[in-house]
Amino acid sequence: MSSESEQRAAWRIRVDTGGTFTDCVAVDPDGALHRVKVLSSSALRARVVSSGGLHLVLEAPWRLVEGFAAGARLAVLGESVAAPVHGNAATSGTRTRVALAEPLAAADRAGLVGARVELRFDEEAPILAARLATGAVCGDALPPLALRLATTRGTNALLERKGARTALLVTRGFGDLLTIGDQRRPDLFALDIVRPEPLVRRVVEVPERLAADGTVLEALDLDALRPVLEHLVGEVDAVAIALLHSWRDDRHELALEKALHGLGCRHVSVSSRLVPALKILPRAETAVVDAYLTPILDRYLRRVEAALPDRGPSGRVHVMTSAGGLMRAGVFRAKDSLLSGPAGGVVGAVRIGRELGHDHLLAFDMGGTSTDVARFGGRFDDRFEHTVGAARVAAPSLAIESVAAGGGSICRVDAASDPGDGEPSGADDTVVLLFGPGSAGADPGPACYGAGGPLTLTDVHLLLGRLDGRRFGIPVDAAGAERALDEVLAALPSGTSRDDVLQGFLDIADERMAAAVRAISVRRGYDPADHALVAFGGAGGLHACAVAALLGVDTVLLPRDAGLLSAVGLDAARLERIVRRPVLQQLDAVAADLARRLAEAEWAGARELLAEGVPEDSIVVSRRSLFMRLLGQESTLELELESSAPTLDALAESFRAAYRDRFGYAPPERALEIESLRVAVAEQVDEPVVAASAPARGPAPVESRHCAYLHGAWREVPVIDPSALEPGHHIAGPALVFGPHASFVLEPGWSAVQTRPGTLVARRD
């Protein structure tokens, strides 16, 4: 549901920027839906079908209005050849005529025919996608719009360690805090432990100290510290501040922040504001990640906002947080961005599932680099600490498990590996098939992209007939995939079956993704068989039935816009604020004051939503929680509150019940302590209405037949065009459903029916 400000906007644009592709779903002023997919490098790929002088004819699935590409650069993939574009004619069918401003520096003009090229634009990918959707020529103003974003920009910078130059200010005596950490071994059984280097470039120990109760033991002397800060500001781009016990009293952290701003440091991350909770290590780690990524995300969001038509309500940018809520770009924090894209997909998956009457769902999002899975059991599973790469962040997020398994994951062999790490390929030689974790990314991409990439899972599907190269969003070359496979086969014993090797890579990928689903279900006491699997992402439908079978799941949902569901989820998301307050008092001492503390937290969140333009009567408290423990313990149990004024006896009994559920026995008789409270405040949205079942319409129309390798044999199977499906159409497996942004392999032993909302529901026979 759109907020009031968005309802006044002419266009609603929802964009998810991943590591490889940027997906866009746009609703125009008349309510029509537009779908766009571009490379996250702000490029469009095509194939040259004719070349003459300064004019080229390109073939590609995207559509350009006349003059759209003026000012872009056309580059030949795999070569250092590029030229500026003067203009273009409007796309006719699948072909676009492009005029160059100067000749390409290529000796053989005829040799360009068949070459793969890119049109590269000097705008952020979300803006390029918005222009394609709205038809706004590059350089011209976009129409009035409301933009919602999900992005992995911060995540990628963190994983690649390409963040800003960062320093940490910490209480004197704690300079080694990040190096020591919590002393967990990164690899439990490694003899040679290599710890990742801290993200900070420099650590400054600050002479100051607060006691645990907030009493000042050593005052902060800013005058003495000023020369150090002046030098520091010249060395780094961002500063994180984490002082001991600042959650009790933040005066020293705020004083340092003010001094740094006065010296010209623009990006300062204050731990007591980011994580108002006990424990200096998670506060310091979170502040460092936030400082490390803030300059990157700030530049990105500023470039996006600068391209919008106005800065009023309709032009406001909202960004998806890791917790699945929306936040205005001006107050969005980098620490909340790390699961932004996957969270959008989970929200979209839950919306689709609930429209079909399913309240227990497994979200299965398989993209180009990774697969992200999450569980929904009537409410979202969440957590307050998550790890990305080697960095830990204390910030609310959906409980999403990621595994390095995607369409771009590299498939290779290793003759020296332990056979337990993969599937042995020969009886006499120890040769192991390896899948991932490395990815071919967008450049060079899979071998079939034609830019010299390695064999990947996408190539495996193409070579097994489970994909149709003519329906890709970019030009693909099956011959390139064959060459990459030949290199792999050359490392295997002679006589090794080509098909067995390709199927082996699929089996490894299926097992790895099933293990990720078990981590968010079985390990937490939930049976996957009690859930429906929602498959999405560009590659989710290719593995959905196989992974579901490994998990004992009988129902798979494939949404109409499966390849764009993270963008679709942005439209279903709502503005939300999560407020957490430390308490650290015994239950009997704080019970009488608990209602006031909860009300203050609720009002703090509501104030922020009011500032966003959400009407007061549309603001609801969606969740209240207490984090309680036995006095003297470190770990807490979360208790969700039904009301804002719980009684002492009710809280004590709820804790005992939660303790028994977690540990299997009753807690000892000991005083209880409230460690902190949490309140989620959000704009009210309409609950999804369960769609009425559609009457049976008969078999789905078959577009063609295609030869594919399924269940150990090559079979001629029907190909279904999803755009031709009507509610009630039935498909008997095996079959292939080839859509513009995602494909679905309906395995033997499965059947599917098209539902009224456009989702394909598959069930095991």
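1. Buried here means under 20% relative accessible area, with exposed over 50% and partly exposed in between, using a 1.4 Å probe and protein chains only. Helices (H or I, at least four residues) and strands (E, at least two) are DSSP runs numbered from the N terminus. The model is predicted, so local features need pLDDT of at least 70 and side-chain atom pairs count only at pLDDT 80 or more, whereas totals for chains, interfaces and linings use all residues. Residues are numbered from 1 along each chain as its sequence is written, and side-chain values use heavy atoms, leaving out hydrogens and water.

2. Helix α2 (residues 125-134) is mostly covered, with 10 of its 10 residues buried; among them are Pro 126, Ile 127, Arg 131 and Thr 134. The cover, judged by contact (heavy atoms within 4.5 Å), includes β1 (11-17), β2 (21-27), β3 (33-39), β4 (43-52), β10 (145-151) and α8 (280-306). Just after α2, Gly 135 takes a positive phi of about 80°.

3. An open sheet is formed by four strands in the order β12-β11-β15-β16, with parallel pairing, where two strands pair if DSSP finds at least two bridges between them. Because β12 (202-206) and β16 (267-270) stand at the edges, each with a single partner strand, one side of each is left without a neighbour in the sheet. The twist averages 20° from one strand to the next, with axes being lines fitted to C-alpha atoms, for helices over the stretch in contact, and angles running from 0 to 180 degrees between N-to-C directions.

4. Strand β11 (residues 166-171) runs parallel to β12 and is joined to it by five bridges; the bridge partner of Ala 167 in β12 is Arg 202. Helix α8 packs on the sheet and touches β11, β15 (238-242) and β16, its direction making about 165° with that of β15.
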